[in-house]
Amino acid sequence: MTVQAADFSLSKDELEAFHRNGYAGPFTLYEPDEIKKAWGRTRLELLDRSAAVYQDDAAISGSTNISNYDRHLDHGFLAEHVTRPEIVDRVTGILGPDLLCWRTEFFPKNPGDEGTDWHQADTFANASGTPQILWPGGSQFGGTITVWCAFSEATVDLGCLQFIPGTHESMNYDETRRMHYAPERNTSVEKKGVRRGFFGYDYRELQIDPNWEPDESQAVSMEMRAGQFIVFWSTLMHASHPHLGTTREMRMGYAARYVPTSVQIYPGTDVIEEYGGAVSLDHYGAVLASGEDRFGHNRIARETTRGLPFKRRSGQAR
């Protein structure tokens, strides 16, 4: 089902700033009261996993549950969210008119939780050891555009994101190396006075230069109101603050990831295995959020597992 409405593309100045810094936003998608109600309802409805594409038999580990990936494939609000024109228009302005949403994830941070360590992701082989996205041969580009939406308030005290602007065009990590999953050792490590981990991994194991350290003096904190979102390259150096536990309120981020249709998703594999868990891709499909799929590399989900058709922007110039 194709849809067309107002144009939410990045302006010329916004696009130039995006290419310079590696991110754009925040932008408002929902008013705080609107997302509070919608997320409160959705959170309860997601407990019904009868139509989810991943079972949680082998997916739950000590620190994560990867069966909660891609709940946009079975839940109506999340299916609408990933195809919202306020998001899709901005991403197609960066990646081109033919666009796939290939992954969604929740990023909760409960009171007292550690921060997320500095990292970059190009092929997303970082945790699994297997590339999850492959751009066409010879392309100098890699990574994915991540749209991270605050489903609750995201302040420094609650564990908001941090970016180091302008770091998206050079990788400091080699994802072909394999990190070692050890949640008993890696969930409360203090780095430069800040508790930071990476969901049971030590991301420093991927550093190309083992003596290199991120220049945190250049870091910016991306505070967002509930309902706002930000757009960034996964190759941008990013992290998050710890949740200081000064309030009982949790921080919830919802990340949707996009690539052009020319990119191969999960090439040569039928399972996601990472963060101590595994899920089968038997029922997986990418969502065509805009334009046409002229490559046929990937299985496409036309509707949710409950029969709701995904909306699609036409991809034509606006």
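Analyst: Let's start with a term: a nonpolar core is a set of buried Ala, Val, Leu, Ile, Met, Phe, Trp, Tyr and Cys residues joined through side-chain atoms within 4.5 Å. Buried means under 20% relative accessible area, exposed over 50%, partly exposed in between (1.4 Å probe, protein chains only). This is a predicted model, where local features need pLDDT of at least 70, side-chain atom pairs count only at pLDDT 80 or more, and totals for chains, interfaces and linings use all residues. Residues are numbered from 1 along each chain as its sequence is written, and side-chain values use heavy atoms, leaving out hydrogens and water.

User: Which residues have the most contacts inside the largest nonpolar core?

Analyst: They are L95, I145, F151, Y258 and Y284, in a core of 73 residues. Contact means heavy atoms within 4.5 Å. A second, separate core has 14 residues, among them C160 and M222.

User: Is T116 buried or exposed?

Analyst: T116 is buried, because its relative accessibility is 11%. Beyond residues up to four places away in sequence, T116 touches K109, R196 and F199, among others.

User: Which strand holds T116, and what stands opposite T116?

Analyst: Strands (E, at least two residues) and helices (H or I, at least four) are DSSP runs, numbered from the N terminus. T116 lies in β4, residues 115-116, opposite G197 in β9. Strands pair if DSSP finds at least two bridges between them; β4 and β9 have two and run parallel. By contrast, β8 and β9 run antiparallel, with E190 facing R195.
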